[in-house]
Amino acid sequence: MYDAGKILIGLIIFLAFATFPFYSNMGKAVAKPDPKIDTPVIQQLEVKKCVESKEFMRAEHMQLLNEWRDAALRRGERVYKGSDGRTFQISFQNQCLRCHSNKKKFCDECHSYAAVKPYCWDCHFAPKEAKR
Amino acid sequence: MGALLSFFVVIVLVLIALVGVKGAGLYVLFGTIIPYAAVATFILGVILRVIKWSRSPVPFHIPTTCGQEKSLPWIKYNKLESPAGTLGVIGRMALEVLLFRSLFRNLKTELREGPKLVYGSNKWLWLAGLAFHWSFLIVLIRHLRFFTHPVPEFVNIIDSLDGFLQIGSPHLLMTGVVLLLAVTYLFLRRVFIPQVRYISLPADYLPLFLIIGIATSGILMRYFYKVDIIKVKELTLGLATFSPEVPAGIGAVFYVHLFLISSLFAYFPFSKLMHMGGVFLSPTRNLANNSRMKRHVNPWNYPVKVHTYEEYEEEFREKMKNAGIPVEKE
């Protein structure tokens with residue numbers, strides 16, 4: 001092997017980059033996210049159903065929130081007609097957060113796991129949560 | 001022909017992933033075994049390939065230069081274009097690796113009427129290549145959010161810079177779009193420039209199609225056919241912590257994405273993609289232009305048998321004396 005020193009330094013740098021995910025996680029226990037929907041308002045509901053189905057909300061909630069933002073704030077439309085015919089007032093603060101008042105255990109649980117930082121709270125107040 | 005062959009190879013890879021997951025339900029194979037095998041092939045393959053290269057000597061001192069060589073103290077020399085020492089070489093290599101400086105000099109050559117040979121500036125390949133490589137690097141770093149927990153701060157910063165336009169939700173990441181556009185340009189260039197098409201082989205098209213497939217499936221997954229990202233992270237983080245698990249209910253697009261990436265990783269050490277390591281080992285770039293100061297000895301050189309004049313005279317002294325030829329020693 002020619003220039004063995006330089007080659008080895010290069011290979012070590014390559015290994016340091018290529019195996020970064022493996023050694024940077026060593027010895028860290030990761031709890032899986034477990035979002036909670038047990039707020040007082042939800043528990044009092046007779047039919048525990050969001051504005052759309054659970055599957056839809058799970059995959060598309062960010063898009064729906066974006067559409068609601070555009071509808072309410074840019075076009076002044078405040079009524080949302082769900083796919084099952086029910087109608088809702090479009091309001092993040094008064095509609096979404098009325099039930100999902102547990103930001104930490106509902107929103108942040110998955111968002112921090114997936115390192116997603118939505119900019120909802122640039123404008124909106126986070127709901128006041130009872131300290132436990 | 002080469003393009004079609006490579007295109008079908010990628011289509012077959014997509015179908016293998018779809019059939020394997022949707023049809024045969026081989027989630028563990030496609031979610032765990034193949035990615036591990038691919039990464040192991042990638043790391044081992046790159047190391048072995050570089051070691052194999054390092055066993056070939058550089059017989060000649062062949063830096064290419066385009067600047068004044070270091071000579072007399074009152075002649076100003078070009079430290080980057082004709083480096084005389086290690087520092088200059090590092091600067092030159094950094095420009096080469098990070099900014100593709102030699103590609104920046106790319107010219108187009110045309111035969112015009114006359115006949116007259118005309119050279120012109122041609123920066124498109126440089127621009128698209130730079131956009132492609134940098135956005136691919138940023139996309140790769142962004143993906144660390146799936147393989148680390150807690151996610152390092154630099155990954156979060158890159159992610160927010162990448163999405164700072166705040167278009168839509170989930171916010172549009174610019175590098176994904178730039179990557180797809182740039183790699184499409186690199187492909188179209190091979191198709192539409194006759195000279196480049198003539199020298200293009202299936203091995204040139206295959207990485208392009210693989211990367212187009214990877215970028216497309218990734219964009220589909222983020223903006224259109226969403227997969228359950230929490231389960232995806234459970235899978236990927238399981239891979240990174242050597243406690244693999246395959247949660248049920250991740251969409252098939254994810255497995256296509258993962259299988260195409262695994263294919264790219266496994267293919268890497270055997271392909272032209274090894275220019276990642278090779279760029280560092282180009283003798284025309286990484287040698288200092290100091291051949292007038294230091295003698296470069298070819299490592300192949302074996303000791304040449306010589307017969308000096310002293311030895312010659314020793315052997316024939318008597319005969320030389322008899323013939324009347326002057327000798328140095330009596």
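## Chain B overall

Of the 330 residues in chain B, 23% count as buried. This is a predicted model. Chain B holds 15 helices and two strands. Its radius of gyration is 29 Å, well over the 20 Å that the globule rule gives for 330 residues, so chain B is more spread out than a compact globule. Along the principal axes, its C-alpha trace spans about 105 × 55 × 45 Å.

Contacts tell another part of the story. Take the contacts in chain B between residues at least 6 apart in sequence: 63% of them join residues at least 24 apart.

## Helix H5 of chain B

Helix H5(B) covers residues 124-142.

Three residues of H5(B) are buried: B:Phe132, B:Ser135 and B:Ile138. Seen down the helix axis, the buried residues fall within an arc of 140 degrees, so they line one face of H5(B). An α-helix has 3.6 residues a turn, so residues three or four places apart point the same way. What do the buried residues of H5(B) pack against? Their partners are helix H7 (153-162) and helix H8 (174-192) of chain B.

## The hairpin of chain B

Strand S1(B) runs over residues 107-112. Strand S2(B) takes residues 116-121. Six bridges join these strands, which run antiparallel. B:Lys108 stands opposite B:Gly120 in S2(B).

Three residues lie between the strands of this hairpin. There, B:Gly114 takes a positive phi near 145 degrees. Is S2(B) buried or hardly covered? Strand S2(B) is hardly covered: among its six residues, the count of buried ones is zero.

## Chain A overall

Chain A has six helices and two strands. Along the sequence, they follow the pattern α-α-α-α-β-β-α-α. A compact globule of 132 residues would have a radius of gyration near 14 Å, but chain A has 23 Å. The C-alpha trace of chain A spans about 75 × 40 × 30 Å along its principal axes.

Buried residues make up 8% of the 132 residues in chain A. Of the contacts in chain A with a separation of 6 or more, 58% come from residues 24 or more positions apart.

## Helix H6 of chain A

Helix H6(A) spans residues 103-113. Which of its residues are buried? They are A:Phe106, A:Cys107 and A:Tyr113. These residues cover an arc of only 165 degrees around the axis, which puts them on the same side of H6(A).

The packing here crosses between chains. The buried residues of H6(A) pack against H11 of chain B. Just after H6(A), A:Ala115 takes a positive phi of about 55 degrees.

## Where the chains meet

How many residues does each chain bring to the contact? Chain B gives 32 residues and chain A gives 29 residues. On the side of chain B that touches chain A, the elements giving two or more residues are helix H2 (27-54), helix H6 (144-147), H7 and helix H11 (229-240) of chain B. By class, that side of chain B has 17 nonpolar, nine polar and six charged residues.

H7 of chain B packs against the buried residues of H5(B). H11 of chain B packs against those of H6(A).

How values were computed
Residues numbered from 1 in each chain as written. Chains lettered and ligands numbered in written order. Predicted model: local features only at pLDDT ≥ 70, side-chain atom pairs only at ≥ 80, totals over all residues. Helix = DSSP H or I, 4+ residues; strand = E, 2+ residues; numbered from the N terminus. Rg over C-alpha atoms; globule rule 2.2 N^0.38 Å. Buried ≥ 20, exposed ≤ 12 C-beta atoms within 10 Å, placed from the backbone. Contact = placed C-beta atoms within 7 Å. Expected span 1.5 Å × (residues − 1). Arc of directions from axis to C-beta. Pairing = 2+ DSSP bridges. Nonpolar A, V, L, I, M, F, W, Y, C, P; charged D, E, K, R; others polar.
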